[in-house]
Amino acid sequence: MRNCLIILLMLAFFSGCAGKPAGSASLYDYKTQYVGDNSKVSHIAGAMQYPEGAACESVKIQSEKEPYGLTVYLSGTEVSDASVYQKNAIMCFALIDNLDEMKYQSGKSGAILAEFYRDELERNQNIKCSEIGRSKESF
């Protein structure tokens, strides 16, 4: 009985060390000026919430010449409704200053699931991604 109690106490202690799930406050810590910052950009793409059954498999960064872009390859469920990915795109544009275009692509079939351009998204949604990403509070 004593061993069971010790194990339960240890489990309770270590489960508190798991940390909080990545939310917008922790994502802001990875804000970067450049899409070429592979480490930060990969973390941002991997921490986004995707449709149920989908996950970030890998990313491709286009940083050699403008327009600078990011392609997120997804594994699992393929959802081709662009509105599902729009919030993620807005967050990426807010966190990556020189990101001009984003694509979500199936890692399996290669199909483009959604595609966003900063200028077009800002115009259509009447937002400024740079203002959203200006501070943790606005993010």
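The model is predicted, so local features need pLDDT of at least 70 and side-chain atom pairs count only at pLDDT 80 or more, while totals for chains, interfaces and linings use all residues. Residues are numbered from 1 along each chain as its sequence is written, and side-chain values use heavy atoms, with hydrogens and water left out.

Start with the layout. The chain holds 6 helices and 4 strands. Helices (H or I, at least four residues) and strands (E, at least two) are DSSP runs, numbered from the N terminus. Read from the N terminus, the elements run α-α-α-β-β-α-β-β-α-α.

Two strands count as paired if DSSP finds at least two bridges between them. Strands of a sheet pair through backbone hydrogen bonds, either parallel or antiparallel.

Take the pairs in turn. Strand 1 and strand 2 are antiparallel, over 8 bridges. A hairpin of 6 residues joins strand 1 to strand 2. Cys 56 stands opposite Leu 74 in strand 2. Strand 2 (residues 69-76) and strand 3 (residues 101-106) pair in the parallel sense, over 6 bridges. Leu 70 stands opposite Met 102 in strand 3. Tyr 73 stands opposite Gln 105 in strand 3.

Strand 2, helix 4 and strand 3 make a right-handed β-α-β unit. Right-handed means that, with the strands pointing away from the viewer, the path from the first strand over the helix to the second runs clockwise.

What lies inside? Buried residues (under 20% relative accessible area, with exposed over 50% and partly exposed in between; 1.4 Å probe, protein chains only) make up 32% of the 139 residues in the chain. A nonpolar core is a set of buried Ala, Val, Leu, Ile, Met, Phe, Trp, Tyr and Cys residues joined through side-chain atoms within 4.5 Å. The largest such core has 32 residues, and Tyr 50, Met 102 and Tyr 104 have the most contacts inside it. Helix 2 (24-28), helix 3, strand 2, helix 4, strand 3 and strand 4 each give two or more residues to this core. Helix 4 provides the largest share, 8 residues.

Look at Tyr 50. Leaving out residues up to four places away in sequence, Tyr 50 touches Ala 45, Ala 55, Cys 56, Val 72, Leu 74, Tyr 85, Asn 88 and Tyr 104. Contact means heavy atoms within 4.5 Å.

Finish at Glu 122. This residue is found in helix 5 (residues 118-125). Is Glu 122 buried or exposed? Its relative accessibility is 10%, so Glu 122 counts as buried. Beyond residues up to four places away in sequence, Glu 122 touches Ile 127, Lys 128, Cys 129 and Ser 130.
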